[in-house]
Amino acid sequence: MKEHPPFGTAPIRCGRTRCSWRGYETDLKKVPGTIGGLRCTRNACPTCGCDSYSFMTAGEIKARERKQRAQAHKES
Ligand SMILES: [Zn+2]
């Protein structure tokens with residue numbers, strides 16, 4: 001079994017391949033839902049509402065950091 005990083009510390013990507021949202025578990029939108037008839041709160045993508053997500057791979061994180069650095073460079 002793969003170990004999960006502590007909640008909210010690892011960057012995640014939306015489970016929908018066409019959605020470009022990236023963020024952290026703490027950035028997910030809380031939406032009311034039901035599981036097996038029980039009311040609960042689900043964490044969903046703030047952009048498309050998809051409630052599945054995956055942790056970004058090391059390569060994806062590197063690419064994201066590169067992009068953010070390039071962006072910060074442009075703005076300063
Ligand atoms: Zn999404």
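The expected span of a helix is 1.5 Å times one less than its number of residues; helices (H or I, at least four residues) and strands (E, at least two) are DSSP runs, numbered from the N terminus.

**View 1. Helix α1 from end to end.** Welcome to a predicted model, in which local features need pLDDT of at least 70, side-chain atom pairs count only at pLDDT 80 or more, and totals for chains, interfaces and linings use all residues. Residues are numbered from 1 along each chain as its sequence is written. The 18 residues of α1 reach 26 Å from first C-alpha to last, close to the expected 26 Å.

**View 2. Glutamate 65 in the helix.** This residue lies in α1 (residues 58-75). Glutamate 65 counts as exposed because it has 11 C-beta neighbours inside 10 Å. Cysteine 50 is 15 residues away from glutamate 65 in sequence and 24 Å away in space, C-alpha to C-alpha.

**View 3. The hairpin of β3 and β4.** Strands β3 and β4 (residues 38-44) pair in the antiparallel sense over 7 bridges (pairing takes at least two DSSP bridges). Here valine 31 stands opposite arginine 42 of β4. Between the strands there are 2 residues, and glycine 36 takes a positive phi near 60° in this hairpin.

**View 4. Strand β3 and confidence.** β3 (residues 29-35) is hardly covered, with 0 buried residues among its 7. Among the elements, β3 has the lowest mean pLDDT (89; the predictor's confidence in each residue, from 0 to 100).

Note on methods: Buried ≥ 20, exposed ≤ 12 C-beta atoms within 10 Å, placed from the backbone.
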